[in-house]
Amino acid sequence: MGFARLAENSTPAARIGLGLAAVGRPGYINLGRDQDLPAERTVDAMRQRSHELLDTAYANGVRYLDAARSYGRAEEFLADWLRQRPDARDAVVGSKWGYTYVADWRTDAETHEVKDHGVTTYERQRGLTDALLGDRLDLYQIHSVTPDSPALTDRALHERLARLAAEGVTVGISTSGPRQADAIRAALGVEVDGRPLFQTIQSTYNLLEPSAGAALAEAHEAGRAVIVKEGVANGRLTAAERQPPSALRRVAEETGATVDAVALAAVLHRPWVSVVLSGAATTDQLRSNLAAAELRLNERQSELLEEPAEPAEAYWRHRSELPWR
């Protein structure tokens, strides 16, 4: 059943997934990493942190777990955890291909990941993912598709992905950049033998960058599952940001919730969202994120939370300038 297995879990927490981008490698662009992670970010230390987060997430009802080939050793850490947790057969596992991690476990590397959406990269990375996750893989996504990506037009690639789908693995895309909406709409039109190829769409959507909202609603209407990433804008909508948007702080004060929980709750209030990812690096952050599943915002608060939105170009320019920490 692939990703569709997630629908079997109807608890509120099942609408929050755990993304491993922040803990699968020593360096990432999230704010506050100097405080969140051990000073010595050895492979063993990051494996332990990943497993702590996975244990906490699963115990609290999270069932979707999201990795990628470019997240350092995230697939390896997740595979280790799955072997140790035979009770977690209802966990739904997703990963992504299309970026290669090249930082060699260094935080000061000039280049951390290299993008390539060609067939050769797919075949190579699919083999690596299969070696680690095997039949536990439910969803395989093309990583960070933009409107100019050859992944939207390469028929040879589409045929290979269709074969994977026929084996029971759901095929999807993730998107990035100021033209996410264009990439989403293009992906909705990709078919193989008259059948839509991409069944899930994972996109950046948050209070600062809501520009993909209409396209994601269209994807939902067309029967696709929508996964939201970067719901707290790489830490800009958390306590790690010294001055989160005033509207966010105001609603947090009114509800007695943390700013990150409010930011994620605002995403979950969108009727077209299937899952929003937590990118927590600590168990305290994760528990704070999970509070969003039970948080209810009234109409006035939801409208107030539309104020922080930035132009998409400005948001992505700021994101591109965040240092790898």
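Modeller: Start with the terms: two strands pair if DSSP finds at least two bridges between them. Strands (E, at least two residues) and helices (H or I, at least four) are DSSP runs, numbered from the N terminus. This is a predicted model: local features need pLDDT of at least 70, side-chain atom pairs count only at pLDDT 80 or more, and totals for chains, interfaces and linings use all residues. Residues are numbered from 1 along each chain as its sequence is written, and side-chain values use heavy atoms, with hydrogens and water left out.

Colleague: How many strands form the closed barrel, and in what order do they run?

Modeller: The pairing in the barrel is parallel. The barrel is closed and has 8 strands. Their order is β1-β2-β3-β6-β7-β10-β11-β12.

Colleague: Which residue is the bridge partner of G172 in β10?

Modeller: Strand β7 covers residues 170-175, and strand β10 covers residues 200-204. They pair in the parallel sense over 3 bridges. Within this pairing, S174 stands opposite Q202. The bridge partner of G172 is T200.

Colleague: What is the bridge partner of T200 in β11?

Modeller: β10 also pairs with β11. The two run parallel and are joined by 5 bridges. T200 has its β11 bridge partner in A225.

Colleague: Why is β10 described as largely enclosed?

Modeller: Take burial as under 20% relative accessible area, with exposed over 50% and partly exposed in between (1.4 Å probe, protein chains only). T200, Q202 and T204 are buried on one side of β10, I201 and S203 on the other. So β10 is largely enclosed by the rest of the structure, its buried count being 5 of the 5 residues.

Colleague: Which residues touch the most other members of the largest nonpolar core?

Modeller: A nonpolar core is a set of buried Ala, Val, Leu, Ile, Met, Phe, Trp, Tyr and Cys residues joined through side-chain atoms within 4.5 Å. The largest one holds 97 residues. Helix α9 gives the most to it, with 8 residues. The members touching the most others are L18, L78, L161 and F198.

Colleague: Which residues does L161 contact, leaving aside its neighbours within four places in sequence?

Modeller: Contact means heavy atoms within 4.5 Å. With those sequence neighbours set aside, the partners of L161 are W97, Y122, I142, V171, L197 and F198.

Colleague: How many residues are in the second, separate core?

Modeller: Y64, V92, I227 and L277 are among the members of this second core. Its total is 9 residues.

Colleague: How many aromatic pairs does a search of the whole structure find?

Modeller: Rings of Phe, Tyr and Trp (its six-membered ring) pair if their centres lie within 6.5 Å; planes under 30 degrees apart count as stacked, over 60 as edge-to-face and the rest as tilted. The pairs found number 8.

Colleague: How many residues apart are F77 and W105?

Modeller: F77 and W105 form an edge-to-face pair, 6.5 Å centre to centre with 80° between the planes. F77 counts as buried because its relative accessibility is 0%. F77 lies in helix α3 (residues 74-84), and W105 in the loop between β4 (99-101) and β5 (113-115). The pair links distant parts of the chain, with a separation of 28 residues.

Colleague: What is the angle between the planes of Y315 and W316?

Modeller: Both residues, Y315 and W316, are buried. Their rings lie 5.5 Å centre to centre. The pair is edge-to-face, with a plane angle of 80°.

Colleague: Which residues do ring pairs link into a cluster?

Modeller: Here ring pairs join several residues. The cluster links W97, Y122 and Y140.
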